[in-house]
Amino acid sequence: MKLHAARAVLLPYIRSDISEIGVASAKALQLAEMLGDFEYQLRSLWSQWYFHSANGRYRVALARAQR
């Protein structure tokens with residue numbers, strides 16, 4: 001969970017292709033929810049918000065922000 005979350009945060013700085021951010025943050029969120037880790041749920045939702053905002057998916061980004 002922590003590795004997926006860290007990867008989602010670092011990917012924008014090391015690659016121009018950010019498509020992997022969505023996969024890493026979704027996996028981190030899934031694991032955080034299974035473990036009941038609220039901090040990493042928030043981190044993962046923030047990464048998903050960034051990913052969808054950067055790709056122009058503003059409605060999805062808004063849903064992540066509201067969650």
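This is a predicted model: local features need pLDDT of at least 70, side-chain atom pairs count only at pLDDT 80 or more; totals for chains, interfaces and linings use all residues.
**Exercise 1.** Determine how helix H1 is oriented relative to helix H2, and which residues form their contact.

*Solution.* Begin with the axes: those of H1 (residues 2–14) and H2 (residues 19–35) come within 8 Å and cross at roughly 155 degrees. Since angles over 145 degrees count as roughly antiparallel, H1 is therefore roughly antiparallel to H2. The handedness of this crossing is left-handed. Turning to the residues, His 4, Ala 5, Arg 7, Ala 8, Leu 11 and Pro 12 on the H1 side meet Glu 20, Ile 21, Ala 24, Ser 25, Lys 27, Ala 28 and Leu 31 on the H2 side. Sorted by class, the residues of this contact comprise eight nonpolar, two polar and three charged.

**Exercise 2.** Describe the length of H2, state which of its residues are buried, and find what covers them.

*Solution.* First take the span: H2 has 17 residues and reaches 25 Å from its first C-alpha to its last, which is close to the 24 Å expected at 1.5 Å a residue. Next come the buried residues of H2, which are Ile 21, Gly 22, Ala 24, Ser 25, Ala 28, Leu 29 and Ala 32. What covers these buried residues includes H1 and helix H3 (38–54). Finally, at the end of the helix, H2 is followed by Gly 36, whose phi is positive, near 70 degrees.

**Exercise 3.** Carry out the corresponding analysis for H3 and helix H4.

*Solution.* The axes of H3 and H4 (residues 58–66) come within 8 Å and cross at roughly 165 degrees, so that H3 and H4 are roughly antiparallel to each other. Their crossing is left-handed. H3 contributes Leu 45, Gln 48, Trp 49, His 52 and Ser 53 to the contact, while H4 contributes Tyr 58, Val 60, Ala 61, Arg 64 and Ala 65. These residues divide into six nonpolar, three polar and one charged.

Methods
Residues are numbered from 1 along each chain as its sequence is written. Side-chain values use heavy atoms; hydrogens and water are left out. Axes are lines fitted to C-alpha atoms, for helices over the stretch in contact, and angles run from 0 to 180 degrees between N-to-C directions. Helices (H or I, at least four residues) and strands (E, at least two) are DSSP runs, numbered from the N terminus. Angles under 35 degrees count as roughly parallel, over 145 as roughly antiparallel, 65 to 115 as roughly perpendicular and the rest as oblique. A crossing is left-handed if the near helix is turned anticlockwise from the far one by less than a right angle, and right-handed if clockwise. Contact means heavy atoms within 4.5 Å. Ala, Val, Leu, Ile, Met, Phe, Trp, Tyr, Cys and Pro count as nonpolar, Asp, Glu, Lys and Arg as charged, and the others, Gly among them, as polar. The expected span of a helix is 1.5 Å times one less than its number of residues. Buried means under 20% relative accessible area, exposed over 50%, partly exposed in between (1.4 Å probe, protein chains only).
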